[in-house]
Amino acid sequence: MDLREVKGDLRERDNLFVLEVEMPGFEREEISACTNDGYLIVTAKGHDMEEPFRRAFYIGKGVAEECIRATFRNETLKIMMPKQEGSGESQHHFILIE
């Protein structure tokens, strides 16, 4: 797989951030996502890959990490991150992908 095909789009709406990442050739079980120190990190490891794909997006500390939702449909990972007031402490948080 050519990882240059992986495209991401981060948009801001009134009350949340939405990240969509096109991930052709991957299955949901091969993808993971987490937050860590103000970053959203997407990792994927296909069975024929020597090194995992990894991309980090800076989201800052204005996101309610415990309320992040993610889905993977039609080879697109969609992550919805609700905004939160203030600058809460960012932690390492695993995101369940539906």
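Tutor: Two strands are said to pair if DSSP finds at least two bridges between them. Please keep in mind that this is a predicted model.

Student: What makes β3 and β8 a pair?

Tutor: The same test of at least two bridges applies. Strand β3 (residues 31–36) and β8 are joined by three bridges in the antiparallel sense, and therefore they count as paired. Here the bridge partner of Thr35 is His93 in β8. These strands belong to an open sheet of four strands, ordered β5-β4-β3-β8.

Student: Why is Cys34 called buried?

Tutor: Buried means under 20% relative accessible area. Cys34 has a value of 14%, so it is buried. Cys67, at 41%, is partly exposed, because this value lies between the limits of 20% and 50%.

Student: How many disulfides does the structure hold?

Tutor: It holds zero disulfides. A pair of cysteine sulfur atoms would have to lie within 2.5 Å to be counted.

Student: Why is the contact of Lys83 with Glu12 called a salt bridge?

Tutor: The side-chain nitrogen must lie within 4 Å of a carboxyl oxygen. For Lys83 and Glu12 the closest N and O atoms are 2.6 Å apart, so the pair qualifies. Lys83 lies in the loop between β7 and β8, and Glu12 in strand β1, so the pair ties together parts that are 71 residues apart in sequence.

Student: What makes Glu12 exposed?

Tutor: Exposed means over 50% relative accessible area. Glu12 has 55% and is therefore exposed, whereas Lys83 at 29% counts as partly exposed.

Student: How do you know that Glu29 and Arg28 form a salt bridge?

Tutor: Their closest N and O atoms are 3.5 Å apart, which is within the limit of 4 Å. The structure holds four salt bridges.

Definitions and conventions: Residues numbered from 1 in each chain as written. Predicted model: local features only at pLDDT ≥ 70, side-chain atom pairs only at ≥ 80, totals over all residues. Heavy atoms only, no water. Buried < 20%, exposed > 50% of the residue type's maximum accessible area, 1.4 Å probe, protein only. Helix = DSSP H or I, 4+ residues; strand = E, 2+ residues; numbered from the N terminus.
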